[in-house]
Amino acid sequence: MNVLHQLVMGFQVAATPGNLLWALIGAFVGTIVGVLPGIGPLGSMAILLSFTLRMDATTAMIFFAGIYYGAMYGGSTTSILLNIPGEAASVVTCIDGYKMAQKGRGGAALTVSAVGSFVAGTLSIVGLMFAASVLADVALKFGPPEFFAMSAIGLLFLVRLSGGSSMKNVIMLLLGLALSTVGTDRLHGSSRFTFGIDELGQGVDFLPVAMGLFGIGEVMLSAVEKESAGEMIRIRMRDLLPRADEWRRSIAPIFRGSIIGFFIGLLPGPSPVISTFVSYMTEKKWSKRPEEFGEGAIEGVAGPESANNAAVGGAYVPLLALGVPFTPAMAVVVGALMLHGVTPGPMMMTERPQLFWGVIASMYIGNVMLLVLNLPLVQAFAMITRIPKHVLLPVIVLMCLVGVYSVSSSYVDLYVLALFGVAGFVLRGLGYQPAPLVLALVIGPMMETSLRESLMINQGAIAPMIVRPIAGTMYLAAACALAIPLILRVVRRGVAAAPAT
Amino acid sequence: MKERIVAAGILAFALAYAAGSLALKVGTLAQPGAGQFPAAIAFALLAVSGVHAWRTFRNDAREEKGHAWARLAPAGIAATLVVYPLLLRSLSFLLSTCIVLFVLFRLLGFKRSLTSLAAAAVTTVLSFVVFAGLLGVVLPSGAAEGSILRLLGISG
């Protein structure tokens, strides 16, 4: 009852004309971002951070939630109509979505994708509401050892789940942690690695690093790639209605995708992307017609598109309940909250209930807006991909430059942007993932402080940090989660090798 | 070759970072100093980047993938990013942004010089109106910027 009461209060906050307008603008901008290959929700949120300077914290969060959800919606449009994923979480949708469009069922794929996204988004918000409440209550019992355990385990999972080479991911993670040590030491007040530059005293700001690695790095990579001009399949309004059998085949994948997406969203790393792959494999395994996958199976669109939207709700749980961002996009959200003087964490629910519940309520509203916005305007959104690269890329660079400068009017930040832009181009081209570096940079200070405080409390003894009930359970659960797949792999290999010997 | 250069660069960074962290006060486990966490990170980074460099140098360099670094467009973008803060400091927002945008438009294949210049000028003014006029961002301003702000009814 208390949750419902709080939610009603949240709707009162979110339903003010100003907040509704920003939710709509966020959803619209997010859809465009999702449609355009390259920028992604993280880059756009980082670029638009300066837009939120004049807003209050609640409005800024509502705006960002709209962008994040909108990007997930928009990504499917180009995947289905052009076979070009607008962002990484829509890659899987290309497989069956574009095939459906080639067979004249593109409208049905778009509608199922939009409805699936809406259902999943709504279900994940319900999950977020309850999970965040419970987790925030637990988090109030956290001491430094628990915060250290959570951040260390989170980063460990990030390395495993970020894809690509694990060694390169570890290197990026350690580079991020190294960067997080630049600036004034929080406990002793001494300067570290500042080289006499006053502006580095406050540390390396994550925003120019993230915008450099993701935004400028992407621009430079796009500049050397050939422009893709896929054939766009046109959709008429009457084609948007799926047939009865298509609806029937989509219902279970939408619900399964919602559950998979929400739980994967709780994990560190690019959860919306991972959730789509897991959902696709699950649907293929459960399907009575697995041979249709890859040839235009509607389940291959309904499941993954639901999963990536549900993952967004899941990703908000650790941020709102614990104050820890587990995805790079959530790190930008933390940055926005900090700019407005709000520290995310377990106390946010009690200290800033209007912000917490206002954002949750705005997500419901945003999902309805996206459903209404996306289907009638689908062709218009798809046309945006026709903007040539030589027009789009300079504008993105300009937005990055002004966006970074506007936050703290720092020339040093502009050099950091340039440095990490080049690093992003070089490293991403060689398969180094930027997400572990960015998240380690954000989580690093909390990890260091909690480790040093834990050691001081326990007079240098490490065992008492591990055997505490909550921290111990976390380490045990993490060890099981990491060890079980390895054990299963060894067992399977043993079984496979047995008949041969 | 690119993999080797990057692996060597990361190893060099790890060495320099380790040296820097040891110059800080490391302290004891019971009383950790400012350098303890950096030292732990540095040694982990040294170990991992050392193994990575060894593996990379052992592999055949001809099997490498990835983009060519010495291409005009990315090199030009990098150069404009480095030059922009210098221009911004001395020329104010409109002129420095217009120059950088013009170079970027030309680098990325935007039609003729005159069209690129016009596009750069229009984009610059629009961005100034949005950021400085509507969002209230304080950008380095001179006489031209002041005139635009006065036209918008905002005191510069």
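Which helix gives the most to the nonpolar patch? Keep this question in mind as you look through these close-ups of a predicted model.

**View 1. A nonpolar patch on the surface.** The answer is H3(B), which contributes three residues to the patch. The patch is formed by A:Tyr415, B:Val82, B:Val83 and B:Leu86, and together they have about 320 Å² of accessible area. Look for B:Val82 in helix H3 of chain B. With a relative accessible area of 43%, B:Val82 is partly exposed.

**View 2. The largest nonpolar core.** This core has 178 residues, and those with the most contacts inside it include A:Met61, A:Trp357, A:Ile360 and B:Leu139. Helix H3 of chain B, residues 72-107, gives the most to this core, with 14 residues. Now find A:Ile360: beyond its neighbours within four places in sequence, A:Ile360 is in contact with A:Leu7, A:Ile125, A:Leu128 and A:Met129. Another core, of 20 residues, lies apart from the largest one, and A:Leu81 and A:Tyr98 are among its members.

View 3. The rings of A:Trp22 and A:Phe63 are 5.1 Å apart centre to centre, with 80 degrees between the planes. A:Trp22 sits in helix H2 of chain A and A:Phe63 in helix H4 of chain A, 41 residues apart. A:Trp22 is partly exposed at 24% relative accessibility, whereas A:Phe63 is buried at 1%. Together with A:Phe64, they form one aromatic cluster.

**View 4. Two rings, A:Phe262 and A:Phe263, in an edge-to-face pair.** Their centres are 5.5 Å apart and their planes are at 80 degrees, so the pair is edge-to-face. A:Phe262 is buried, with a relative accessible area of 9%, but A:Phe263 is exposed, at 51%.

Technical notes:
Residues are numbered from 1 along each chain as its sequence is written. Chains are lettered from A and ligands numbered from 1 in the order in which they are written. This is a predicted model: local features need pLDDT of at least 70, side-chain atom pairs count only at pLDDT 80 or more; totals for chains, interfaces and linings use all residues. Side-chain values use heavy atoms; hydrogens and water are left out. A nonpolar core is a set of buried Ala, Val, Leu, Ile, Met, Phe, Trp, Tyr and Cys residues joined through side-chain atoms within 4.5 Å. Buried means under 20% relative accessible area, exposed over 50%, partly exposed in between (1.4 Å probe, protein chains only). Helices (H or I, at least four residues) and strands (E, at least two) are DSSP runs, numbered from the N terminus. Contact means heavy atoms within 4.5 Å. Patches are made of residues with over 30% relative accessible area and no salt bridge: like charges are joined within 9 Å, nonpolar side chains (Val, Leu, Ile, Met, Phe, Trp, Tyr) within 5 Å. Accessible areas come from the Shrake-Rupley method with a 1.4 Å probe; for residues, only the protein chains shown count as cover. A salt bridge is a side-chain nitrogen of Lys or Arg within 4 Å of a carboxyl oxygen of Asp or Glu. Rings of Phe, Tyr and Trp (its six-membered ring) pair if their centres lie within 6.5 Å; planes under 30 degrees apart count as stacked, over 60 as edge-to-face and the rest as tilted.
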